[in-house]
Amino acid sequence: MIETLAFDADDTLWHNEHLFQDTQEKLAEIVGRHRPGEDIAEALYAVEMRNLALFGYGIKGFTLSMVEAAIELTRGRIAAEEIHEIVQLGKTMMTAPVDLLEGVEAVLDAVSGRYRTLLITKGDMVDQTSKIERSGLAGHFDQVEIVPRKDAATYRRVFDRHGVNAAQTLMVGNSMPSDVLPVLELGGFAVHVPYAILWAHEAHDADPVNERFHRLERLGDLPVLLRRLGASPRSS
Ligand SMILES: [Mg+2]
């Protein structure tokens, strides 16, 4: 029986990846002043991956990676004022409105109070805390966890800390490697709700063969799936 629902946040509850993509286009425009027509995507991704272990996920790390990629791509010709522009792009991302996905509030209204609800998001503590506050959704969750990465060991620590049994937990998210696979590995249920844009780093190959794995087109279909799984809401 499912007693706990855990939710990813970025691109599961609110739009996120588009902010990165839009900002990347603005960076391409700045770099393009020195190298017209340059495709920056590959170079930026390479710098991000190189920096991931040091900076972690989040806007600050992304901003530093944009600066570094711009310096590399322009062979050091980028001007100080342009580096300032790039830093401003990062600051704008940090204060961008949090735009909820369709149907999120209705689903959280339907499940919170009936299940124990966790929000588990990876990234920078400051970014994620601020986004959660701006989303207005914090009140729907019994616990909020901001973690540096989402692997099986991290989920185990989070579940242990809150006395949650993985086998009675269902995790919902847009990323197979971060939200689905590690929770299945621990014996839990996992629901993949794909988002329109996927960061290359979150790509996966084949779907797992596991009866506890499900995919929904939209988060709004979760209550129907829960009924189908015979989940046991704690008061109904
Ligand atoms: Mg996500």
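A residue is called buried when its relative accessible area is under 20%, exposed when that area is over 50%, and partly exposed in between, with a 1.4 Å probe and the protein chains only. The structure described here is a predicted model, in which local features need pLDDT of at least 70 and side-chain atom pairs count only at pLDDT 80 or more, while totals for chains, interfaces and linings use all residues. Residues are numbered from 1 along each chain as its sequence is written, and side-chain values use heavy atoms, with hydrogens and water left out.

Helices (H or I, at least four residues) and strands (E, at least two) are DSSP runs, numbered from the N terminus, and two strands are said to pair if DSSP finds at least two bridges between them. By this criterion β1 runs parallel to β2, to which four bridges join it, and T4 stands opposite R116 in β2. Four bridges also join β1 to strand β4 (residues 169–173), again in parallel, with T4 opposite T169.

The magnesium ion has as its protein donors D8 (OD), D10 (O) and N174 (OD1), which lie 2.1 to 2.2 Å from the ion. Donors are N, O and S atoms within 2.8 Å of the metal (3.2 Å for Na, K and Ca), and as water is not among the atoms, sites may look incomplete. Along the sequence the donor residues follow the spacing D-x1-D-x163-N. D8 counts as buried because its relative accessibility is 6%, and D10, with a relative accessible area of 15%, is buried as well.

The largest pocket holds about 590 Å³ of space. On a 1 Å grid over the protein atoms alone, a pocket is an open set of points, where a 1.4 Å probe fits, with protein on both sides within 12 Å along at least five of seven lines, and its lining residues have an atom within 4 Å of a point. Grid points are joined across faces, edges and corners, and the volume is the space filled by probe spheres set on the points. Of the 38 lining residues, N16, E17, F20, Y57 and W199 lie nearest the centre of the largest pocket, and α2 gives the most to this lining, with eight residues. Because domain 1 (4–14 + 99–228) and domain 2 (17–94) both give residues to the lining, the largest pocket lies between them; the domain bounds come from an automatic or database domain assignment.
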